[in-house]
Amino acid sequence: MRAAIGVIAEKGTAALRMSDIAARAGMSTGHILYHFGKKDRLLLEVLAWSQEDLWARFRQAADQAASPAEKLDLFVRFYLPRHPGDERYALWTQVLAQRHDEAGRQVLTALLDGWDERLEAILREGRDLGHFAEVDLPEFTIRAVAMLSGLSEDVMFGRSRWQNTSAHAFALSALERELRPTAVGHDGGRSG
């Protein structure tokens with residue numbers, strides 16, 4: 001799987017050959033074909049494996065987090081690519097750009113929904129503990145993930161705006177601004 005991610009990041013999905021992955025993994029092409037069959041299936045399975053690995057690391061880090069705010073920080077950190085050309089994010093963009101049958105769309109939908117579910121759980125926990133403002137969870141999640149996806153494209157492309165500024169800090173600040181609870185004044189009214 002790691003070999004496949006590396007080859008996909010270097011060559012892209014269009015130029016990808018099973019023999020390239022086999023050579024990188026030190027296996028025969030027949031072995032790769034036996035396990036995956038078609039290239040489309042391989043790409044989906046590599047993406048699913050990559051996400052499970054990423055989510056396992058996220059879970060471990062989130063379990064150590066002291067607050068929902070720290071979990072939100074981790075979510076943003078794990079969502080955004082680490083640098084232009086990040087292999088995992090390159091795999092996502094290339095697999096999403098492919099045409100998929102119904103089974104492939106279901107796999108991709110489940111992976112995308114996994115991000116939404118993790119964010120909603122963090123938001124719910126923060127809201128229930130009074131750390132975050134009351135927001136419409138599904139609507140906020142859609143906007144947050146859309147913003148993170150746009151920032152991710154910028155980072156992957158290497159836009160100059162992120163050379164001296166952190167996309168992570170920008171995203172986290174935008175999310176926290178909206179999630180900041182408003183203080184309740186002594187007269188029972190809300191004060192900002």
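In which helix is Gln94 found? In this predicted model, Gln94 is found in helix 6. The residue is buried, with a relative accessible area of 18%, a value that counts as buried because the cut-off is under 20%. Leaving aside neighbours within four places in sequence, Gln94 is in contact with Ile8, Gly12 and Thr13.

The protein has 9 helices and 2 strands. Along the sequence the elements follow the pattern α-α-α-α-α-α-α-α-α-β-β. The C-alpha atoms fill a box of roughly 75 × 35 × 30 Å, taken along the principal axes. Of the 192 residues in the protein, 42% are buried. The accessible surface comes to about 10800 Å², and carbon and sulfur atoms account for 52% of this surface. Among contacts between residues at least 6 apart in sequence, 63% join residues at least 24 apart.

Besides Gln94, the buried residues of helix 6 include Arg88, Tyr89, Ala90, Leu91, Trp92 and Val95.

The N-terminal end of helix 6 is capped by Asp86, with a side-chain oxygen 3.0 Å from the backbone nitrogen of Arg88. Asp86 itself lies in the loop between helix 5 and helix 6. At a relative accessibility of 4%, Asp86 counts as buried. A polar contact of 2.9 Å joins the side chain of Asp86 to the side chain of Arg82. When residues up to four places away in sequence are not counted, Asp86 touches Pro81 and Met156.

Trp115 touches Gln51, Leu54, Trp55, Phe75, Phe78, Tyr79 and Trp92, not counting residues up to four places away in sequence.

One aromatic cluster is formed by Trp55, Phe58, Phe75, Phe78, Tyr79 and Trp115. Over the face of Trp55 lies Arg118, at 3.7 Å from the ring centre. The structure holds 7 aromatic pairs in total. One of them is formed by Phe58 and Phe78, an edge-to-face pair with 5.5 Å centre to centre and 75 degrees between the planes. Phe58 lies in helix 4 and Phe78 in helix 5, so the pair ties together parts that are 20 residues apart in sequence. Phe58 and Phe78 are both buried.

Trp162 and Phe170 form a further edge-to-face pair, with 5.5 Å centre to centre and 65 degrees between the planes. Trp162 is buried, with a relative accessible area of 16%, whereas Phe170 counts as partly exposed at 44% relative accessibility.

Which residues does Leu172 contact, leaving aside its neighbours within four places in sequence? Leu172 is found in helix 9, which covers residues 167-179, and counts as buried at 10% relative accessibility. With those neighbours left aside, Leu172 is in contact with Leu72, Asp73 and Val76. Leu172 and Ala144 are 28 residues apart in sequence, and their C-alpha atoms are 9.8 Å apart in space.

Definitions and conventions. Residues numbered from 1 in each chain as written. Predicted model: local features only at pLDDT ≥ 70, side-chain atom pairs only at ≥ 80, totals over all residues. Heavy atoms only, no water. Buried < 20%, exposed > 50% of the residue type's maximum accessible area, 1.4 Å probe, protein only. Helix = DSSP H or I, 4+ residues; strand = E, 2+ residues; numbered from the N terminus. Polar contact = N/O pair within 3.5 Å; in protein donor to acceptor, adjacent residues only side chain to side chain. Contact = heavy atoms within 4.5 Å. Phe/Tyr/Trp six-rings, centres within 6.5 Å; stacked < 30°, edge-to-face > 60°. Lys NZ or Arg CZ within 6 Å of the ring centre and 35° of its normal. Areas by Shrake-Rupley, 256 points an atom, 1.4 Å probe, with all protein chains shown as cover.
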